[in-house]
Amino acid sequence: MEGTHNYRGDADDEIERILTSGTSMDHKLIGRVFEMIVSRFDRHYTEGSVQASQLSGWIYQLRCFDTTHFTRLMYDWLTRNLLERNQEKTSRALTMLVG
């Protein structure tokens, strides 16, 4: 279990490091960070421990780098969630976005 905790800490640290490392990001890196954040959401949702405030903060920070590209990534991700027909997960995802 401790190994999982260390992985989470490392993943959180990497997300924080990337988001605070500069004022610009290419589309590939935005996509990579976006996937890291939503993977974190999916993992927390599965475990029943979604940390919406931290995740929504990361989402907000990432959006600032390129609103248009971010909007496309978010649209695709929300569409996938809606197609899963899991109302609770979609509700939590939307709560995360609102902050």
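## Surface and overall make-up

The chain exposes about 6300 Å², of which carbon and sulfur atoms supply 51%; accessible areas come from the Shrake-Rupley method with a 1.4 Å probe, and for residues only the protein chains shown count as cover. This is a predicted model in which local features need pLDDT of at least 70 and side-chain atom pairs count only at pLDDT 80 or more, whereas totals for chains, interfaces and linings use all residues. Residues are numbered from 1 along each chain as its sequence is written, and side-chain values use heavy atoms, with hydrogens and water left out.

The chain has 5 helices and 0 strands, where helices (H or I, at least four residues) and strands (E, at least two) are DSSP runs numbered from the N terminus. The order of elements from the N terminus is α-α-α-α-α. Of the 99 residues in the chain, 35% are buried; buried means under 20% relative accessible area, exposed over 50%, and partly exposed in between, with a 1.4 Å probe and protein chains only. Among contacts (heavy atoms within 4.5 Å) between residues at least 6 apart in sequence, 63% join residues at least 24 apart.

## Nonpolar core

A nonpolar core is a set of buried Ala, Val, Leu, Ile, Met, Phe, Trp, Tyr and Cys residues joined through side-chain atoms within 4.5 Å. The largest such core has 24 residues, and those with the most contacts inside it are Leu19, Met25, Phe34, Ile37, Leu62 and Trp77. Two or more residues are given to this core by each of α1 (2–19), α2 (27–47), α3 (52–63), α4 (67–83) and α5 (87–98). Helix α2 gives the most, with 8 residues.

Isoleucine 37 touches Ile15, Leu55, Trp58, Ile59 and Leu62, not counting residues up to four places away in sequence.

## Aromatic pairs

A pair of aromatic rings is described by the distance of the centres and the angle of the planes. Rings of Phe, Tyr and Trp (its six-membered ring) pair if their centres lie within 6.5 Å; planes under 30 degrees apart count as stacked, over 60 as edge-to-face and the rest as tilted. The structure holds 3 aromatic pairs. One of them joins phenylalanine 34 and phenylalanine 70 edge-to-face, at 5.9 Å centre to centre and with 85 degrees between the planes. Phenylalanine 34 lies in helix α2 and phenylalanine 70 in helix α4, so this pair ties together parts that are 36 residues apart in sequence. Both phenylalanine 34 and phenylalanine 70 are buried.

The ring centres of phenylalanine 41 and tryptophan 77 are 5.5 Å apart and their planes stand at 85 degrees, so this pair is edge-to-face. Phenylalanine 41 belongs to helix α2 and tryptophan 77 to helix α4, so parts 36 residues apart in sequence are tied together by the pair. Phenylalanine 41 counts as buried because its relative accessibility is 0%, and tryptophan 77 counts as buried at 3%. Ring pairs link Phe34, Phe41, Phe70 and Trp77 into a cluster.

Histidine 69 is found in helix α4 and counts as buried because its relative accessibility is 18%. Leaving aside neighbours within four places in sequence, histidine 69 is in contact with His27, Ile30 and Gly31. A polar atom of the histidine 69 side chain lies 3.3 Å from the backbone oxygen of histidine 27.

Leucine 73 is also found in helix α4, and its relative accessibility of 17% makes it count as buried. With neighbours within four places in sequence left aside, leucine 73 is in contact with Ile30, Gly31 and Phe34. Leucine 73 and glutamate 35 are 38 residues apart in sequence, and their C-alpha atoms are 9.0 Å apart in space.

Conventions. Polar contact = N/O pair within 3.5 Å; in protein donor to acceptor, adjacent residues only side chain to side chain.
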